[in-house]
Amino acid sequence: MLATGALVVAVAALTVRALVAPPLTQRDIDAAVTHALESRPPVPPAARAWEIIAPSVVRVRALDAESAGNDEAEGNVGSGVVIVDNGTILTNLHVVAGAERIRVEFFDGHSSDARVIALEPEQDLAVLRAVSIPDDLKPATMTSTRDLAVGAHVVAVGFPFGIGPTVTAGVVSGLRREFRSPEGKRLLTNLIQFDAAANPGNSGGPLVTADGEVVGIVTAIMNPTEQRVFVGIGFAVPIETAAMSVGMSPF
């Protein structure tokens, strides 16, 4: 009974306060919304970039003759990025070279065979088309590297050592770089140099801005030793070069 009485008094007090206080204006509401937004902690650039690009990143598995009949086989694992919503995927040629069968796994877990529809050996690029795709497949947004500056924040997304999707963040550490493959068979030019960690398995994945827009395709890492691990310098093919070299408009 005492609890009920206290509740009645509380409700009465709130009612009196509502009657006495002036009504809220649109300015009051706008100020409250602005305060709420400003009081939220800022979203880190890498987290924002990941949220945007995540639905477009795929795992690429290149299977040899022995493992081609096994859907669970790992094979040579690399990365790719969806650039058209019909299942068109951009990756590195060295990821799929010599494969008897190619499998791709999308963000939602959907897995499909894929076939090569275009190659650009001079740029170490390949374009794949998935046989089946998830509902509402989201292609990545590509953006020009024309205004890309040294020191700009970038994020690399892929499957290093098959683990992923994995996000690493860094900055553009150089532009218009050259890289010769360890075997000396290929010289890549006009590359984006970056320091976001990349390792075997990142090849073919996207290098994106803080806004989640693709500026390059991760293609190589530099290591003066014989170990294939990241020591601070990675390279990406600019997205204009990547898209146009396989006959597609990047924008």
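## Contacts of Val131

The model is predicted. In it, Val131 touches Ser112, Asp113 and Ala114, leaving aside residues up to four places away in sequence. Val131 and Ser112 are 19 residues apart along the chain, while their C-alpha atoms lie 6.1 Å apart in space.

Val131 sits in the loop that joins strand S6 (125-130) to strand S7 (153-158). Its relative accessible area is 63%. Val131 therefore counts as exposed, since the cut-off for that class is over 50%.

## Negative patch

Glu105, Asp108, Asp135 and Asp136 make up a patch of negative charge on the surface. One of these residues, Asp108, is placed in the loop between strand S4 (101-105) and strand S5 (111-120). Asp108 has a relative accessibility of 53% and so is classed as exposed.

## Nonpolar patch

A nonpolar patch on the surface consists of Phe161, Ile163, Val229 and Val231. Together these four residues have about 370 Å² of accessible area. Val231, one of them, belongs to the loop between strand S11 (214-221) and strand S12 (234-238).

## The chain as a whole

The chain contains 5 helices and 12 strands. It has 251 residues, of which 42% count as buried. Among contacts with a separation of 6 or more, 60% are between residues 24 or more positions apart.

The accessible surface of the chain is about 13700 Å². Carbon and sulfur atoms account for 56% of that surface.

Key:
Residues are numbered from 1 along each chain as its sequence is written. This is a predicted model: local features need pLDDT of at least 70, side-chain atom pairs count only at pLDDT 80 or more; totals for chains, interfaces and linings use all residues. Side-chain values use heavy atoms; hydrogens and water are left out. Patches are made of residues with over 30% relative accessible area and no salt bridge: like charges are joined within 9 Å, nonpolar side chains (Val, Leu, Ile, Met, Phe, Trp, Tyr) within 5 Å. Accessible areas come from the Shrake-Rupley method with a 1.4 Å probe; for residues, only the protein chains shown count as cover. A salt bridge is a side-chain nitrogen of Lys or Arg within 4 Å of a carboxyl oxygen of Asp or Glu. Helices (H or I, at least four residues) and strands (E, at least two) are DSSP runs, numbered from the N terminus. Buried means under 20% relative accessible area, exposed over 50%, partly exposed in between (1.4 Å probe, protein chains only). Contact means heavy atoms within 4.5 Å. Lys and Arg count as positive and Asp and Glu as negative; His and the chain ends are not counted. The place of a charge is taken as NZ of Lys, CZ of Arg, CG of Asp or CD of Glu.
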